[in-house]
Amino acid sequence: MADDLVAHSGSCHCGAVKFEVVAEKVLHVYDCNCSICKKKQNKHFVVPKSRFKLLQGADNITTYTFNSHKAQHTFCKTCGVQSFYTPRSNPDGYGIAPHCIESNTIERIEEEKFDGQNWDQHIEKSGIRQRSKE
């Protein structure tokens, strides 16, 4: 594992869904203002699918989609927390909620605004798609 990558452990509120994600110590978190992210205050960092491992709770996850149905918003059926999801911008990766990381592995969080209300105009300028590449 590269020096700047660590294994972060996380879960939903009730602990039914547990995961591990390999990501940087300094997390680059997107604060999106699209219709669903604004309502649920979704801040997330993006990793390639290969760096995410669901440890527990596959049977306790439900999925919500809307509009283009490309984003797969996954939630714990018990507590309702979204610890991770598949973003429309990165179908080859996962968006991880940094507040669901339970380990002591985050050095710092750097936030970037993502203009999801103007998704089509903003997606190419943002560089977010590169976050799910190996």
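The end C-alpha atoms of residues 8–120 lie 31 Å apart, and this span is 7% helix and 46% strand. Helices (H or I, at least four residues) and strands (E, at least two) are DSSP runs, numbered from the N terminus. UniProt lists residues 8–120 as "domain: CENP-V/GFA" in an unreviewed entry; such annotations may be inferred rather than shown by experiment.

The model is predicted: local features need pLDDT of at least 70, side-chain atom pairs count only at pLDDT 80 or more, and totals for chains, interfaces and linings use all residues. Residues are numbered from 1 along each chain as its sequence is written, and side-chain values use heavy atoms, with hydrogens and water left out.

A salt bridge is a side-chain nitrogen of Lys or Arg within 4 Å of a carboxyl oxygen of Asp or Glu. The count by this rule is 7.

Relative accessible area sets the exposure classes: buried is under 20%, exposed over 50%, and partly exposed in between (1.4 Å probe, protein chains only). Arginine 88 is partly exposed at 28%, whereas aspartate 120 is exposed at 56%.

Glutamate 107 is exposed at 53%. Arginine 108 is partly exposed at 43%, and glutamate 110 is partly exposed at 36%. Salt bridges with shared partners join Glu107, Arg108 and Glu110 into one network.
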